[in-house]
Structures are given as C-alpha cells and as structure tokens.
Amino acid sequence: MPKYNTERVSVQQKGVGMMRQKGFGKKVLSLVLAAAMSISLCAPAWAEEADAEPAANGYTQQEGDATPETGKADDTSVNDAVTSGVPAISMDVPASAAVAQVGDTYYATLADAISNAAENATVVLLKDVEETVAVPDAKKVTLDLNNKVLTILNDTSITVTGGANVTIQNGTVIAKQIPLGTVSLFNIQKDSSICLNKVQMDTTGAALYPQGDAARVEVTDSSITAGSYAVATNAATGENYNVEIVLKNSAFDCTRYGYNADYRNDACAVLINVPGKLEIEGCNIIGSRQGMIVRGGEAVVRNSTIVSTGKYTEGIGQYIDTNWGNGNEVPMAAVVVGNRSTSYPYLSTCMLIDCTITSQNSRVPAVYANGAEEYGSAVIITGEDTKVHGNILLNGRLDAYVDGGYYTQFIPGGWIRDINKTCILLDSLYEGIYSYQIVSKSEVPEGPVVGVNPQPADPKAEVVEIDVDAIPDVVENKAELVDQINWAAQSISVSEESKTVVSGAALVEAKVEGQKINSQAVKGIATEALESKLEAGDSLQDNSEITITVTPVLKIEPQAPVVKEDALAGVSFDIQLQYQVTAKATTKNGNEIEAKLLDKDNLPNVVNPPVMDMTIPNIPVYALGCAENDSAEAIASDLYVRHEHEGSVFYYNTIVTKTQGQNIVSVSFTNEHGFSVFTVGKYSDKATVQYPWGNIEYVVTDIGTALPTAAKEGYTFKGWTFAGVAGGPYLTMAEELLGKLAQAYSAAGSNAIAASAVFSQNVSDVDKEEEVGSQPAATPAPTAAPQQSGSNITYYTCPACGYHDWTATAEGYKCNHCGYLESVKQLSGYGNVKGVYEPKTSTAAAASAGNSVAASAIPQTSDDLPLTALMVVAIAALVGLGIVIVMKKRNKR
C-alpha cells in the first residue's frame with residue numbers, strides 16, 4: 001500500500017493537529033474555495049428548478065418512479081418511495097403504464113380500479129382509454145374522467161344495482177357499440193343512482209335508463225347525444241315505479257342515431273312513463289320524433305327549450321285518434337302529455353314554466369295532451385317568458401291551463417286560467433316568430449273583440465304562367481320549356497319548418513280596409529260579407545263566432561330564362577308574398593259559409609316577411625346549362641340563387657337534389673331578404689385577396705358584405721384598392737367589384753390579388769390620401785426633439801453598461817457599446833444619438849423593453865432565484881473568507 005495512503009489514514013486518526021503539515025492548509029483552502037464556487041455556479045440551476053412544473057400525477061420525478069424512457073422504475077424500491085413521501089405505486093403497475101389511480105394506488109385497467117376502489121372512493125382516469133366497463137353490485141364510487149376520453153366497448157347494458165351510487169364527472173364518454181337505440185348504456189335499478197357532472201356523453205344506445213323503485217338519475221352541466229332516448233324509464237312492472245330524474249343546465253340530443261340506421265329519426269330525448277318525479281331546469285332537449293314525453297308521474301320543467309324536428313315523417317298524424325303504443329309510439333309533438341290506452345293506469349301532470357317549446361315541422365304540434373277518461377292528465381303552461389312555436393292540441397279528460405307568454409297560435413279564453421288575462425294579436429312578430437301574446441286585459445284599451453278568432457293558414461301559390469313568346473330563340477323546343485318552367489313555378493313552396501313563421505307574419509300585418517283583422521270594424525265587415533252568402537231562410541247564429549283566417553299567398557311570375565354565350569344558363573321567377581283574408585261562420589241551419597274580404601286580383605304584400613327556407617322543384621337540368629347525366633353534386637357546384645331586392649343583389653347557397661334517371665332537379669335555399677326576382681344559375685366568380693394580415697377568398701355569397709377595416713394612428717381609413725383593379729377605394733364587396741377581382745385573379749394565374757389600405761390624414765388643413773400596400777401600414781415619420789449643442793449637451797446613459805452612444809433602429813434606440821435597446825423613451829434630443837425612432841406606447845413597448853433586458857450583455861439577476869440558494873452561497877463565501885483569514889494568521893506565526 002502506498003505510503004501517502006497510510007499517512008492519510010493516520011491524519012484522520014490523529015485529528016486536527018496534523019493540519020499543520022506543510023502544504024495541507026493550502027489544499028483545504030483550495031477545496032473550500034472550489035466548493036464555494038461550485039455552489040455559486042449551481043445557483044442558476046436551483047433557480048430553474050424552482051420553476052419546474054410538477055409531473056402529471058401531482059409530484060415531480062423521484063427515485064422509484066417509472067421513467068418516461070423505459071417505463072420501468074429505478075432501483076429504489078416502492079417502499080423506499082413511500083417512506084420518502086412519494087405516492088405508492090402498485091407493484092405490478094408503474095405510473096407510466098397506469099390508466100387509473102385511486103388514492104396512492106395505480107391500476108392498469110379502469111375495471112380493476114373500479115373493482116378495488118373503497119366505498120365512496122374516487123377513481124381518476126389518467127389517460128384516454130378504451131375498455132369494457134362494469135359496476136360491481138352496491139358499488140359507491142366516483143369516476144373522475146380528469147378531462148380524458150373514456151370509450152366504452154360494451155355492446156350490452158351496464159347495470160347499476162344493489163344500492164350502487166355512481167358519479168361520473170369531468171370528461172367525455174363514448175359508447176357506440178350498443179347495437180340499437182333502445183338498448184340502455186346505463187341501467188339504473190332499484191335503490192341505485194347515477195350522477196353525471198360536466199360530462200359529454202355520446203352513445204348509439206339509450207344513455208340513462210332508471211328502472212326500479214327509488215332509482216335516481218341526476219345530470220348537471222353535461223351533454224348527452226343518444227339513440228332512441230337520452231333519459232327514459234321502463235313501465236314493464238310496478239317494481240319500476242317511483243323513479244327520480246333531475247336534469248339541470250344540460251343538453252340532450254336524440255337527432256343523430258335514432259333506433260338504428262334505417263330509423264335515424266325515430267327518437268325522443270326524455271321519457272317518463274311511470275309514477276315518479278321529473279325535474280328539469282335550464283336544459284336544451286331535442287328529438288327528431290318527440291322532444292319529451294310525460295306519460296306518467298309529475299314533471300316540472302323550468303327555463304328550458306324542448307324541440308321536435310318533426311323529421312320522423314312516418315309518425316306524422318299517427319295515434320291522434322287511436323290508442324297509443326309503447327315507448328315513443330305516441331303522437332308526434334315537441335311535448336306529449338297524458339295517455340290514450342288501457343295500459344299506463346296512472347295520472348300524468350306536466351308544468352312548463354318559462355320554457356320555449358318548438359315544433360320545426362308545421363304538421364307536427366308543439367304540445368299534444370290527452371287525458372285518459374279513468375285517470376285524466378294535467379298540463380300547465382305558464383310564465384311571461386314562455387314561447388310556443390307550433391299548435392297546441394288538447395283532448396280527453398284534461399286539466400289544461402295557459403297563463404302567459406308568446407304563441408304562434410291563438411289561445412282561446414277557455415284555456416286561460418286567469419280571468420283577468422286575454423290573448424292578443426301582436427302588431428309585429430315577436431322575435432320574428434310569435435304572433436300572439438297573453439296579456440292582462442288592462443293592457444288592451446279597447447278590450448278584446450268578442451266573437452272573432454283570427455287564425456293563420458299555410459301558404460299557397462298562385463302562378464301567372466309564362467308563354468312561348470318569352471322564351472329566347474336559342475331554345476329549340478320552346479313549348480316544352482314553357483310547360484316545364486310553369487310546372488316548376490306551380491311547385492314553389494315554403495318549407496315545413498318555415499310555414500308557421502310565414503303564416504304568422506301575414507297574420508300580424510293583415511288588414512281589411514285599413515283595420516286590423518281582430519278589430520271590431522273588421523268583425524262588422526266580415527258579418528256583412530257572410531250575410532251576403534246566406535241562403536234564403538237562413539241566418540247567422542246569435543252571437544256566433546266568426547273565424548277570420550289569413551292565408552299567405554306566393555304570387556309567382558316566371559321570367560325569361562337566362563342566356564349566356566348563346567346557351568341556357570338559368571331560370572328566373574318574380575315572387576311576391578301576399579295575403580288573403582277569409583271570414584267563416586256557422587249558420588242557424590248548420591251550414592258552414594265563408595267570404596273573401598280582399599280583392600283576389602289586388603292582394604296586399606307582406607311588408608316585413610321573415611327569413612324562410614324555400615324550394616324550387618322540377619327545374620329542367622338543361623335550363624341551368626348542365627348535362628342531363630350530371631350528378632347532383634356536379635350541378636350544385638357554383639350553383640346559387642341570385643336575388644335582386646330593392647336595388648341590392650344577394651346570392652344564396654343552394655341544396656340540390658336529383659332523382660336518379662330524371663332530368664330535373666330541386667333547389668332549396670334560405671331567403672333572407674324578402675321578395676322580388678330570384679334566378680337559379682351558375683355563378684363562378686371568385687378571387688383570393690391578400691390583405692396585410694393574410695388571405696381571404698371571396699365568392700358570390702360574399703357580395704354585399706363589408707370588407708375588413710384597417711387602422712393607422714392619426715389617419716382615417718377610407719377603404720381598399722386592389723392590384724389590377726381600377727377604381728376605389730372600396731368598402732363593400734359589390735357584384736361589380738367581385739367580377740373585376742375574378743378577372744384579375746384569373747389573369748394573375750390564380751395568385752392572390754394584393755390589397756392596399758387607403759387612409760386620409762387627420763389634419764384639418766390637409767386632405768391627403770395615402771396608399772399602403774399589403775405590408776402593415778407604416779406610421780408617420782416621428783418628429784425629432786431639438787438637438788442640443790455647446791456646453792448644454794445632455795447625454796442619456798445606458799442603464800446596462802454606463803455608456804451613452806446610441807443609434808436609432810427599427811426596434812428602438814440601440815446602445816452602441818452593449819446593444820441594450822430602448823424602445824419606450826424618445827432619445828433624439830440627447831447628445832451622441834444618431835437617427836430618430838418613434839417610441840411605442842402600447843403593451844408591445846413593454847414587451848420590447850423586457851426583451852431588451854434579456855438581450856443585454858450585462859447579466860440580470862433572476863427574480864425567481866430561491867432564497868435558500870442565495871443563503872448557501874453567502875454562507876459558503878463567508879466560510880471561505882474566514883479560512884483565508886485564519887490561514888494568513890497562522891502563516892504569520
């Protein structure tokens with residue numbers, strides 16, 4: 001063994017006295033100073049470590065944790081990790097491989113985590129997972145999805161039974177293996193419950209199916225997209241009664257999947273058909289057959305929207321006069337209440353408070369209620385904010401009351417519970433939809449007109465046919481085209497979804513001899529007109545009710561077809577929305593008589609028509625400039641409806657349908673701007689414009705829209721000019737402008753057309769316009785401060801290096817010595833400053849100033865440097881200094 005090793009051992013044994021050996025003190029001093037320097041160098045690393053974010057599982061990587069690279073734990077045992085304060089990890093499941101966590105334990109599957117979770121424990125999902133899920137009997141557990149996606153692979157129901165309580169929260173659940181829309185995803189049985197909170201659920205099955213005494217469902221701040229039902233009960237046996245359903249601030253959508261692929265529109269979002277309680281508040285509920293069915297129990301719905309799209313056309317008109325079936329085999333409506341069968345032998349009550357109830361199909365009522373003779377039913381519609389879009393049909397042994405709100409249907413006085421209220425016809429559509437309102441009688445100065453029942457009717461078409469003389473000579477068979485165009489005109493219609501609002505618009509505007517149709521004056525006019533229709537010996541009944549009907553009329557005049565380059569390129573129709581008023585009554589002899597109150601050849605126009613969906617069917621394909629064998633997709637390309645209205649031009653997108661083997665198409669569109677000439681044709685003008693911030697592509701549907709704006713301090717924006725396009729500046733995309741842009745765009749090889757912003761300077765005696773190209777607008781040249789001279793020169797000292805020589809750059813004044821950047825202050829008036837820069841005054845200036853400090857050659861002290869690190873550095877320095885002093889004293893000895 002070398003001697004120096006022996007000596008080192010002896011030094012350790014002999015203690016401090018050996019430090020006096022020659023040279024040893026210098027070695028110690030060197031080591032101490034090196035340690036102090038090392039600690040100093042570690043300080044920045046400690047500062048960074050102080051900012052490190054915790055790992056996803058709530059703590060930073062420790063010994064014993066799985067490493068991202070290997071997925072395996074380090075050598076330190078799990079027990080060591082526990083004793084050092086790190087959460088325990090299952091011996092078989094490292095954290096990196098776990099999908100779920102319960103307390104300090106990780107699991108490889110969600111099923112294992114749920115099964116092993118203690119009572120009332122919370123299972124946390126750690127990553128997106130696809131699994132088959134089961135809930136053990138009587139399990140009480142919370143599943144926190146942790147903003148992850150749980151894809152359930154079950155193709156049968158997940159039962160929640162034996163008093164189990166399951167809460168699912170904070171994430172997404174997808175379950176699309178359920179084969180039919182009536183098969184439940186979660187089947188909640190007797191004395192058990194499920195609660196969804198902040199969950200987005202998407203399933204092809206019936207999402208939540210409480211089936212058992214005291215079964216409970218609660219959904220809060222969530223959304224459910226489901227098959228036949230989102231939430232539904234089962235009335236198979238009395239053991240399934242007394243359920244409780246609470247739905248709050250959530251959305252329920254059953255318009256996507258339905259029963260299966262062949263019956264996608266056969267669905268009802270919410271169904272209760274057993275004794276129990278249904279409480280809904282602040283929810284959006286939509287189904288394609290029914291929105292909500294209350295066939296048993298007590299339902300209270302507040303501040304919610306309930307919709308039937310009415311798209312299950314097979315169900316329209318079913319069960320109106322016949323016994324109802326099971327499930328949602330009942331009448332179609334947004335809300336269905338009651339029963340009509342020998343089954344379901346119990347009372348149904350439904351209270352709708354400040355709700356919006358909508359049928360999107362005029363053939364489907366908004367509310368349908370029927371009370372079975374033995375048990376009866378009750379429906380109450382109340383609240384000033386109530387809105388009902390569609391008819392209300394009430395039948396059977398029924399307690400029905402309507403207490404307030406807005407309607408598209410006249411509400412008879414017998415339905416209004418409060419004798420101090422009445423239904424009035426509004427002067428204009430409320431929210432563009434509702435014609436009637438229930439108000440206090442004191443708000444009607446003249447009082448309601450007794451014996452007048454104003455009613456809307458579906459629109460109908462009246463066509464002034466085109467003749468052969470209007471057909472251009474490019475057409476070989478003019479007579480054939482005339483017949484086809486007239487056929488198309490006679491078929492023009494308003495969609496089922498729009499009929500109610502169109503009828504309502506005509507109703508609220510309708511007048512006879514300048515008087516509103518619900519006035520006493522019009523009642524007198526109607527009575528006189530009806531009496532002129534009486535047969536000899538007959539008369540009107542005493543105090544007979546006169547029904548006044550307002551029928552919207554689409555007056556259609558086909559125009560000459562469009563010709564471009566000696567070929568047909570479109571068809572045109574002049575369409576006006578008018579109305580006719582008809583009075584009806586029953587005579588003493590029981591005869592129904594009616595009389596038109598307006599001249600059919602001079603009908604008034606509806607002045608303020610609503611937005612509506614329209615269809616022009618039976619258009620010959622060749623009249624659009626297309627080949628007869630073109631597909632609907634090919635025809636729809638660049639096919640628009642051009643609408644000239646009150647000096648403006650609008651273009652509407654189209655939906656084109658074509659029956660295979662036929663040479664005609666149907667074109668649907670949304671009319672947003674009233675009535676005049678509509679032309680269906682090909683319009684291919686398009687262009688891409690390059691603005692300073694990026695490109696925008698324009699097509700004909702952008703005609704009439706405002707162009708983007710630009711800003712420049714001290715200037716007023718006047719509009720845009722475009723490279724290769726004469727005129728301007730432009731503020732709106734006009735039809736002519738798009739045509740010019742399309743030509744320039746084509747000439748440029750489909751390269752974007754550069755736009756230049758035009759400004760005028762905000763100076764009272766200056767009227768100057770300036771163009772700025774497709775680069776960001778330049779600011780006016782800054783005014784330099786007066787330069788100092790002689791002995792009065794003042795210098796601006798760089799805060800980073802102490803020098804005072806500066807040069808103006810695009811980013812600010814730059815120190816010539818260290819590169820420090822000053823972008824906030826104006827330095828042009830100081831000595832030794834070259835050039836002029838306009839300082840920033842916005843938040844960006846502060847950002848620039850911060851960047852300047854970062855770029856400075858002078859190191860900056862971190863604001864986040866840990867206090868502990870600073871103390872260690874200070875102590876090490878003091879120790880080193882103390883040793884130096886001691887060694888010097890000893891050397892002097």
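In what order do the 4 strands of the open sheet stand? The order is β56-β55-β54-β57, and the pairing is mixed. Here two strands pair if DSSP finds at least two bridges between them. Strands (E, at least two residues) and helices (H or I, at least four) are DSSP runs, numbered from the N terminus. At the edges stand β56 (821-822) and β57 (833-834), each with a single partner strand, so one side of each has no neighbour in the sheet.

A quick word on the source: this is a predicted model, where local features need pLDDT of at least 70 and side-chain atom pairs count only at pLDDT 80 or more, while totals for chains, interfaces and linings use all residues. Residues are numbered from 1 along each chain as its sequence is written, and side-chain values use heavy atoms, leaving out hydrogens and water.

Back to β57: its pairing with β54 (residues 806-808) is parallel, over 2 bridges. The bridge partner of T807 in β57 is K834.

Now the whole protein. There are 11 helices and 57 strands. Of the 893 residues, 45% are buried, meaning under 20% relative accessible area with a 1.4 Å probe, protein chains only. Taking contacts (heavy atoms within 4.5 Å) between residues at least 6 apart in sequence, 60% join residues at least 24 apart.

Last stop, helix α6, residues 496-509. Here 12 of the 14 residues are buried, so the helix is largely enclosed by the rest of the structure. Among them are K499 and E509, along with V501, V502 and L507.

Terms used: Buried means under 20% relative accessible area, exposed over 50%, partly exposed in between (1.4 Å probe, protein chains only).
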